[in-house]
Amino acid sequence: MSLERFINQAVSSWMSEEGPDSDIVLSSRIRLARNFENFKFPTLFSHEEAQAIIKKMEDIMQESNFTKYGQMELLKIDEIQPLQKRVLVEKHLISPNLAEESPYGAVLLTENEEVSIMINEEDHIRIQCLFPGLQLTEALEAANEVDDWLESHIHFGYDEKHGYLTSCPTNVGTGLRASVMMHLPGLILTQQINRIIPAINQLGLVVRGIYGEGSEALGNIFQISNQITLGKSEEDICRDLNGVVSQLISQERSAREALRKTSNIQLEDRVFRSYGVLSNCRIIETKEAAKCLSDVRLGIDMGYIDHLPKNILNELMILTQPGFLQQYAGGHLRANERDIRRAALIRERLKMEQDKM
Amino acid sequence: MICQECNQRPAALHFTKIINGEKTEVNLCEKCAQEKGEMFMFTGGNGFTFNNLLAGLLNIDPSVQKQNQNTFHQEEVLQCSGCSMTFPQFIKVGRFGCAHCYETFKEQLPPVLRRLHSGNWSHSGKIPKRIGGGIHLKKQVENLKSELKELIQQEEFEKAAQIRDEIRTLEKGLSGSSKGGE
Ligand SMILES: [Zn+2]
Ligand SMILES: [Zn+2]
C-alpha cells in the first residue's frame with residue numbers, strides 16, 4: 001500500500017483537520033460514563049450479562065440508526081487482530097484497558113471516528129467525542145446527543161443524589177471526563193512548565209504527558225483534564241477546564257514571542273536541525289522522533305517552515321507508534337526494526353510534502 | 001534492586017511517577033523498560049497504579065475505617081442485594097459491583113465521595129429525561145423567572161411578555177407531568 005493511501009485510511013478527523021486554536025490545542029475530548037441499571041458492572045458481570053449488553057447495543061443500532069455522525073460500526077474486541085487493537089489504542093479510540101483486559105469488550109465507531117462508544121470496559125458504556133482544536137463545548141454537545149439517543153433505549157443507573165452511577169467512585173455524578181491535548185514547547189523551553197503544572201493541579205485538574213511517562217511528556221504534548229465529576233454540572237466542568245486552557249494558550253503564545261525576541265537564531269537553528277534529522281535519519285527512536293516532530297511543528301507555527309502542514313505533528317506522532325508501524329509493515333517488528341521503519345516512514349512522509357512544492 | 005516487571009534482571013531504570021500528586025517508584029531492567037516503554041505511553045496515569053492508589057486512598061480514610069469497625073462490631077456486614085458486594089470489599093478493590101451498591105452503601109459514601117471530589121458529595125449535573133422531565137422543567141422555569149425579573153428591571157416589556165407566556169406554558173406542563181408521575 002502506498003504511504004498516502006495508508007495515511008488516508010489511518011487518519012481520523014481530529015488528526016487531520018484544524019480546529020479553533022489548533023496551533024496549540026491538538027484535540028478536545030469528552031467522555032461520558034454510563035451503566036445499565038440492572039446489570040452488574042463489568043468487574044463482576046457474567047458472560048451472559050456481557051453478551052446481553054452487546055446484544056442490546058446491536059438492537060438499538062438496528063432499531064434507530066443514529067446517523068448524525070455517520071454510519072456506526074460495531075467491533076468486538078475478541079474478533080479483532082492484536083495489531084488492529086493496538087492501532088485503535090494509538091488513535092485514542094479505545095483504551096488500553098478495553099484492548100487488553102476486557103474480554104467482552106466492544107466498540108461502536110463512526111466513519112470519521114469523532115464519536116466512539118466503548119462497551120463493557122470499566123463501565124458498560126463510555127461515550128467519547130474527539131474533536132480537533134479547542135472545541136469542548138461542541139464535543140460536550142455531541143456527547144449529550146449520543147447520550148440522549150442511548151437513554152431513550154436504556155435505563156441508565158442513576159439516582160438523584162449521586163447522579164450517574166459508575167463502577168469507580170472517581171467517575172460518579174456526571175461521569176464526565178473532559179480533556180484537552182496541548183502542544184506546549186514554549187513553556188518547556190522557557191522552563192515555566194514546572195511552575196505551571198502544580199498550579200493547575202491545585203485547581204482540581206490533572207496534567208500529564210500522553211506520550212512518555214513520569215515528569216517527561218514526549219513531543220511536549222500534555223493532556224489536561226478534570227478530576228472532579230461530582231457536584232459540578234457538565235457545563236461548569238467544561239467551562240473551568242476551558243478557562244485554564246485559554247490561560248495556558250496565552251502563556252504559551254507569550255513564551256513563543258519571548259523566545260523569538262531573545263533567541264530567534266537559536267530557535268531557528270533548533271527547528272531546522274530537527275527538520276534535518278527527520279528528513280535524513282535512517283534509524284530513529286520514539287523519543288528522538290517526538291522531540292524533532294515537536295521542534296518542526298513549532299517551526300511551522302512560528303513561520304520558520306512554511307511548506308509543511310500543521311497537522312504533521314499530530315499525524316506522525318500517531319503513525320510512528322509501534323502498532324501503526326507494524327500495520328504499515330504488514331507484520332510484527334522488533335524494537336530495532338521499528339526504529340528503522342519509523343525513520344523510513346517519516347522521511348517518506350516529508351518527501352510527499354516536498355514533491356508537492 | 002530487581003526489576004519489578006520480570007523479577008529476574010537487576011533494575012537499571014528508576015523513576016518516580018506522579019499521578020494526581022501521588023508518587024510511585026518504578027524500577028525496571030533495561031529490557032523490560034524498552035518493551036514497556038512504548039506501551040507505557042498509553043497506560044498513562046489511568047492504568048494499574050491508579051487503582052492501587054485509589055484503594056490506598058480509601059483505606060487510609062479514618063472515617064471509613066471507623067465505619068468498617070462499626071459494621072464489624074454489629075456483626076452485620078452491609079451487602080449489596082444486586083451483586084453481593086460488601087462494604088469492606090468495596091474499600092479493598094475501590095470499585096462498586098453494580099448500580100445498587102450506591103443505595104446499599106449510601107450512609108458510608110459521603111466521606112469517601114468528599115475525599116475524591118474536593119468536598120462534593122451530591123450530583124448537580126445532567127438529569128435523565130425519563131426521571132427528570134419534571135425537574136428539568138422546574139429548573140427551566142426558575143431560569144426563565146430570573147430572566148423575566150431582569151427584563152422588567154431593564155424595562156424590556158415586550159420581551160418580558162414573551163418570557164411570561166413561555167413560563168405559563170411550561171408551568172402547565174409541569175403540573176401535568178407531576179400528576180402523571182404520582
Ligand atoms: Zn525486567
Ligand atoms: Zn452492588
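Which residue in strand 4 of chain A stands opposite Ala106(A)? In this predicted model, the residue opposite Ala106(A) is Ile119(A).

## Basis

Local features need pLDDT of at least 70 and side-chain atom pairs count only at pLDDT 80 or more, while totals for chains, interfaces and linings use all residues. Residues are numbered from 1 along each chain as its sequence is written, chains are lettered from A and ligands numbered from 1 in the order in which they are written, and side-chain values use heavy atoms, leaving out hydrogens and water.

## Sheet of chain A

Eight strands of chain A form an open sheet with antiparallel pairing, in the order 2-3-4-5-1-8-10-9. Strands are DSSP runs (E, at least two residues) and helices likewise (H or I, at least four), numbered from the N terminus; two strands pair if DSSP finds at least two bridges between them. Strand 2 (72–76) and strand 9 (205–209) are the edge strands, each pairing on one side only. Strand 3 (residues 106–110) and strand 4 (residues 115–119) of chain A are joined by four bridges in the antiparallel sense.

## Strand 10

Six of the six residues of strand 10 (residues 221–226) of chain A are buried, so this strand is largely enclosed by the rest of the structure. Buried means under 20% relative accessible area, exposed over 50%, and partly exposed in between (1.4 Å probe, protein chains only). Ile221(A), Gln223(A) and Ser225(A) point one way, and Phe222(A), Ile224(A) and Asn226(A) the other.

Strand 8 (residues 176–183) of chain A pairs with strand 10 of chain A over five antiparallel bridges, and Met181(A) has Gln223(A) as its bridge partner. Strand 9 of chain A also runs antiparallel to strand 10 of chain A, with five bridges; here Val207(A) is the bridge partner of Ile224(A).

## Nonpolar cores

The largest nonpolar core has 61 residues, and Ile30(A), Ile117(A), Leu150(A) and Met182(A) have the most contacts inside it. A second, separate core of 47 residues includes Ile210(A), Tyr211(A), Ile318(A) and Leu325(A). Such a core is a set of buried Ala, Val, Leu, Ile, Met, Phe, Trp, Tyr and Cys residues joined through side-chain atoms within 4.5 Å.

Cys83(B) counts as buried at 10% relative accessibility, and Cys98(B) at 2%.
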